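Have a look at the sequence and the model, and then I'll walk you through a few spots.

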Amino acid sequence: MELSDTYKAEHFTKFSDTLKEYRIEQNNEQNPTDPFNIIREFRSSAGQLALKFANSTDQQNLISSTDWELEARFWHLVELLMVFRNADLDLDEIDLHPYNSRALFKKKLMQGNTDLYQIWIVMVWLRENTHVEDRPKNIPTSKWSNSITSGGLKSCDLDFPLRENNNVLDVKDKKEDHIFFKYIYELILAGAVDEALEEAKLTDNITICMILCGVQEYLNPVIDKQIANEFDTQQGIKKHSLWRRTVFSLSQQPGLDPYERAIYCYLSGDIPSQEILQYSDWESDLHLYLNQILQIEIENYLLKNNQISTDELILPLPSHALTVQEVLNRVAARHPSESEHPIRVLMASVILDSLPSVIHSSVEMLLDVVKGTETSNDIIDKPYLLRIVTHLAIFLDIINPGSVEEVDKSKLITTYISLLKLQGLYENIPIYATFLNESDCLEACSFILSSLENPQIRQKQIEIINFLKLPASNILRRTTQRVFEETEHEYSPSNEISISFDVNNIDMHLICGVEWLIEGKLYVDAVHSIIALSRRFLLNGRVKALEQFMKRNSFEKICKNYELEKIAENISGNGDEKEDQFLKEITQYEHLIQGIEKYEEWQKSVSLLNSESNIPTLIEKLQGFSKDTFELIRSFLVELTSMDLINSIDYEILYEIRALYTPFLIMELHKKLVEAAKLLKIPKFVSEALEFTSLVANENDKIYLLFQSSGKLKEYLDLVARTATLLN
């Protein structure tokens, strides 16, 4: 379904905002938070979106509206049943006496039988969500006036047509009756019995009035002292079972309007005929069968407690009730398409109290797609289902910690986070991480952060993570670690390493990964990561990448904050020497990059050389470049690779870096001097180039060993030999 970006975002943000508000209230610890407000807000959001799509002319939007309406009903059902299942049911025990009214026995049954009470709750839910059409405008104000006028009906007695078969009702009266009974049937299914009774009075349908008056069990506050404070006057009818059978008997009469018969069937606990059921849906069929269970179970209980006299049992009625599972199976068989709707599957699981298993099944569906066992299924094809199941798992874990398997909850949340990432809704992501354990939280957050490069988005993420009191420091550390791990294979060259002067996407990804620690003001960790980053770049010849990192970040500021953080956290002791080495190493890398920049500046100057160039200035620039490079060659990592650190675990890495760049600097300086000698026609530059051989060969510096280590000795000797011929 193609939706605007605003609508797509709204689908996600309404739900994440609800969870965010819950977390804020919980973190503030000002007032106890009611977790069921989460479900109420979910229901409200789904209802608002259903209304938003309801008036659309687009067919897909209308389907979406139906889905949102179903979802709103689902959250309502979750609220009703989960409130009951998690309530403190320490109710006052009702002390019954044989003389008490049946209504009191019924109340005791409902208090003691939680399964039956939940059936009643589901019926309340079904009634509240039953759609009733607007009151028909053509409902008559009197009964059968057309038949009496035409002479087809000889008496105004309302049950006369039932007693006499030779009466002929006017077609218009039958049509009006049909409209009336259909409306009354809808009102009764919606639980609006009082409204139906009033309609019957207004339309002169005395029979319906009398029947509806018998819906309630008899209750007398005079003898039912246990609940006398709840009622002031006597209510209901005494022989309710007799009334029930009488109504059932009426439903068997031939010639009734189908909806009149359906009314009697429902009131007596029977299932209407196929003539009515052909227009029913999943919800109304479920309602009818649950109504039958409730009436059978209540009457069986009253019979067991001798509250029904034998003179009431004038007709046999079913006494064996179906189970809720059997009911759902029957409804599914009648409405296979509706029952297969993912939201109705969830509704059924709520009713059966099997949500954790359904959540687990959803996770298995996800895994099937990941493993390639399936290419698609509902959890993938219908994004709303992943959203519903994820939020359901979060809610269940809030009200009943451990009711959902931790691994199932984690997989759902992390998959949903990936969906938010695809939608670009980064600000909604951290709230979901708050519902993960710390380990999974670190993995989920680092997965998202490691992909972000936009400075504004990165800064917002840190703000939200801190606001939600997530373990920000550990998240940022794990993010940097993740990026190092993800890019490791890119920096494991199998061929000879050469110095390169480009910066690729992988380099930038690694740079951004380290910058999380700087942005998060974790300067001790940042310095350690800068060391690792610098070594990785330099060992792979990525000098330009390191230069890029240094241009983006102030090393002076980082090192200063690093020292302050050490003082603040009282980091001292045996590690001081090691820490000082880190700062020295970073300084050495700064000097190297500065040397490389001067090398590039000289190259640029040479490329711009022409007849108008200022030769004295150029010579001065060359001499400066030569002097600085010579000093860099003599000092680069020399101290850090001295004999004092021969046993350090870092020695081999530092020596390898030195072995790569010291020969490079010597050979490039040699080449530039020779090149300048030719261009500027100054032979002494050739001699200066050859003087480096003594530096390479002397035993004090042992630079020749660096050439040997890097495999550049032969190349250097060949270069020297070719240069020497220029002096002849």
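**Contacts, core and cysteines**

So, His509 touches Ser450, Glu453, Val483, Glu486 and Thr487, leaving out residues up to four places away in sequence; contact here means heavy atoms within 4.5 Å. Quick housekeeping: this is a predicted model, where local features need pLDDT of at least 70, side-chain atom pairs count only at pLDDT 80 or more, and totals for chains, interfaces and linings use all residues. Numbering runs from 1 along each chain as its sequence is written, and side-chain values use heavy atoms, with hydrogens and water left out.

Back to His509, which sits in helix α26, residues 505-519. Helices are DSSP runs of H or I, at least four residues, numbered from the N terminus. Is His509 buried or exposed? Buried, because its relative accessibility is 18%, and buried means under 20% relative accessible area with a 1.4 Å probe, protein chains only.

Now the core. The largest nonpolar core has 215 residues, and Phe74 and Tyr432 have the most contacts inside it. By that I mean buried Ala, Val, Leu, Ile, Met, Phe, Trp, Tyr and Cys residues joined through side-chain atoms within 4.5 Å. Phe74 is in contact with residues including Ile343, Met347 and Leu392, neighbours within four places aside.

Last, cysteines. Searching the whole structure turns up zero disulfides, meaning pairs of cysteine sulfur atoms within 2.5 Å. Take Cys445: the closest cysteine sulfur, in Cys441, is 4.1 Å from its own, so that's too far for a bond. Cys445 is buried at 5% relative accessibility, and Cys559 counts as buried at 18%.

Technical notes:
Helices (H or I, at least four residues) and strands (E, at least two) are DSSP runs, numbered from the N terminus. Buried means under 20% relative accessible area, exposed over 50%, partly exposed in between (1.4 Å probe, protein chains only).
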